Amino acid sequence: MNGRVLIIAGSDPSGGAGIQADIKTVTALGGYASAVITALTVQNTLGVSDVFQAPPDLIAAQIEAVLSDIGADAIKIGMMGDAPAALAIAQVLEAHAGDVPIVLDPVLVATSGDALARDGVREALLERLAPMAAVLTPNRQEAAALTGVDCVDDKTIAAAGAALLAAGARAALITGGDADEKEVRDFLFTEGRERIFTGARIASNATHGTGCTLASALAMGLAEGRSLEEASARAIDYVRAAIETAPDLGAGAGPLNHAHTVLKADR
């Protein structure tokens, strides 16, 4: 079947982000999700209080076990945790992933602002994983952290996109949900082309795991054989609907309604 998505990310026990959000997203869009856990986090809608990092060899063994048996039509990489983990992921994917498209979500901080990446992850991400990626999916803050370009307007966002392409990625989708603007604008950069997806900003505190969810929805689209633009547009629409129908849980940045494609929202 098309629609096998291998997810490599951390676990969120509150269910709004990380592996849990990724599996929900792929399943809700009709795919099959396999999952490699890179770290166990202690978090909820209010923030992250602790992280337990999985050993690099265990992460690599999980990836190899899935790819050697079930296989994958797309791979989504989220939180890696530390540089040894990032390097182990790069090495095993170079050996076993072939030409499977990789969606790289550069998870550096949580929605709450808590750090989810240790020293060296940025460098490993840019030097080893970006050249393998079909698309990177940073928000503006993450794009600035990766490139050193403060993404404050169209010109600087385009410069950051160009820098990510120069790092070897075939495309970059710089999202605008974290910007203080009336409209949400997401910028898709490929070689010689720019497309902007625009939508009205939704007044909601349901923002926990939006980056994870978007990247997994995009990976699912690529797994189905959709073009990058079509997969990006569908992923953006999916996240918007998940925010609009969010279940109003938690005292902080609440989770999305990942199941809105199969269930009526409980208004």
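1. A crossing of two helices is left-handed if the near helix is turned anticlockwise from the far one by less than a right angle, and right-handed if clockwise. By this convention, α7 passes α8 in a right-handed crossing. Helices (H or I, at least four residues) and strands (E, at least two) are DSSP runs, numbered from the N terminus.

2. The structure is a predicted model, in which local features need pLDDT of at least 70 and side-chain atom pairs count only at pLDDT 80 or more, while totals for chains, interfaces and linings use all residues. Residues are numbered from 1 along each chain as its sequence is written, and side-chain values use heavy atoms, with hydrogens and water left out.

3. The protein chain has eight helices and nine strands. Its radius of gyration (taken over C-alpha atoms) is 17 Å, close to the 18 Å that the globule rule (2.2 Å times the number of residues to the power 0.38) gives for 267 residues, so the chain is as compact as a globular protein of that length. The C-alpha trace spans about 45 × 40 × 40 Å along its principal axes.

4. Of the 267 residues, 54% count as buried (under 20% relative accessible area, with exposed being over 50% and partly exposed in between; 1.4 Å probe, protein chains only). Contact means heavy atoms within 4.5 Å. Among contacts between residues at least 6 apart in sequence, 67% join residues at least 24 apart.

5. The residues in contact include Leu214, Ala217 and Leu218 of α7 and Ala231, Ala235 and Val239 of α8. By class, this contact has 12 nonpolar, four polar and one charged residues (Ala, Val, Leu, Ile, Met, Phe, Trp, Tyr, Cys and Pro count as nonpolar, Asp, Glu, Lys and Arg as charged, and the others, Gly among them, as polar).

6. Helix α7 (residues 210–223) also packs with helix α1 (residues 18–28), at an angle of about 40° and with the axes 9 Å apart. That angle makes α1 oblique to α7, and the crossing is right-handed. Gly18, Ala21, Asp22, Thr25 and Val26 in α1 meet Cys212, Thr213, Ser216, Ala217 and Met220 in α7. By class, the contact has five nonpolar, four polar and one charged residues.

7. Helices α3 and α4 pack at an angle of about 15°, with their axes 8 Å apart. α3 is therefore roughly parallel to α4, and their crossing is right-handed. Among the residues making the contact are Ala83, Leu87 and Glu94 of α3 and Val121, Ala124 and Arg128 of α4. By class, the contact has eight nonpolar, one polar and two charged residues.

8. In α4 (residues 121–129), Val121, Ala124, Leu125, Leu126 and Leu129 are buried. What covers these residues includes β4 (74–77), α3 (83–96), β5 (102–104), β6 (135–136), α5 (140–147) and α6 (154–166).

9. At 68% relative accessibility, Asp248 counts as exposed.

Conventions
Axes fitted to C-alpha atoms, helices over the stretch in contact; angles between N-to-C directions. Parallel < 35°, antiparallel > 145°, perpendicular 65-115°, else oblique.
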